[in-house]
Each structure stands twice: as structure tokens, then as C-alpha cells.
Amino acid sequence: SQWDYVVFALTNSDYILLDKQLLYTGMTRAKKGLMLITEIKAVKHAIKTDNSSKRNTILKEFLETPVW
């Protein structure tokens, strides 16, 4: 979904969550205006981090486990 205006805050204290996908998603939700409140170090970290292939899920194990 999109919004007319988005206020998007990134801090380095959330470094575990910072990746390019989060940055892209947050920035592309704004149709008219974006206010990015951030530390430069957090943006640099997000740009360098690509977690698109990393998923924290147990779906594979769940599907491989017999039901009975």
C-alpha cells in the first residue's frame, strides 16, 4: 500500500533489521513526500546489507515433519 506522506525513521540501534529491502520498502511507500529521519551510518549499513535470500523461518522443517 502507499501513502501520500511517509515519515520513515532509521537508527543504528536497529541494525539487525536494517537491509536494502527495508530501506526500499519504506522509501517507496510515499506518493507525494518522504521525511527520512536517520543516522547516515544506518543508511550506509542498510544499503550494504542484502538479506533477500535469508529467511528466518521453520517452514521447510514444518513441511518435512510427518503429521502422524
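A surface patch here is made of residues with over 30% relative accessible area and no salt bridge, with nonpolar side chains joined within 5 Å. In this predicted model, Tyr-15, Ile-16, Leu-17 and Leu-22 form such a nonpolar patch. Together they have about 440 Å² of accessible area. The model also has a nonpolar core, whose largest example holds 9 residues.

**Surface patch**
- Tyr-15, one of the patch residues, sits in the loop between strand 1 and helix 1.
- Tyr-15 counts as partly exposed because its relative accessibility is 47%, between the limits of 20% and 50%.

**Nonpolar core**
- The 9 residues of the largest core are Val-6, Phe-8, Leu-10, Leu-18, Leu-23, Ala-30, Ala-42, Val-43 and Ala-46.
- Strand 1 (3-10) and helix 2 (40-48) each give two or more residues to this core.
- In soluble globular proteins, nonpolar side chains tend to be buried together.
- Ala-30, a core member, contacts Trp-3, Asp-4 and Val-6, leaving aside neighbours within four places in sequence.

**Helix 2**
- Ala-42, Val-43 and Ala-46 are buried in helix 2.
- These residues lie on the same side of helix 2 because they cover an arc of only 100° around the axis.
- The buried residues of helix 2 pack against strand 1, helix 1 and strand 2 (30-38).
- Exposed residues Ile-40, Lys-41, Lys-44 and Lys-48 are on the face turned away from the buried side.

**A buried Asp**
- Asp-19 lies in the loop between strand 1 and helix 1 (20-28).
- Asp-19 has 12% relative accessibility, so it counts as buried.
- Not counting residues up to four places away in sequence, Asp-19 touches Ala-46, Thr-49 and Asn-51.

Notes. Residues numbered from 1 in each chain as written. Predicted model: local features only at pLDDT ≥ 70, side-chain atom pairs only at ≥ 80, totals over all residues. Heavy atoms only, no water. Core = buried A, V, L, I, M, F, W, Y, C linked by side-chain atoms within 4.5 Å. Buried < 20%, exposed > 50% of the residue type's maximum accessible area, 1.4 Å probe, protein only. Helix = DSSP H or I, 4+ residues; strand = E, 2+ residues; numbered from the N terminus. Contact = heavy atoms within 4.5 Å. Patch = residues over 30% accessible without salt bridge, like charges linked within 9 Å, V, L, I, M, F, W, Y side chains within 5 Å. Areas by Shrake-Rupley, 256 points an atom, 1.4 Å probe, with all protein chains shown as cover. Salt bridge = Lys/Arg side-chain N within 4 Å of Asp/Glu carboxyl O. Arc of directions from axis to C-beta.
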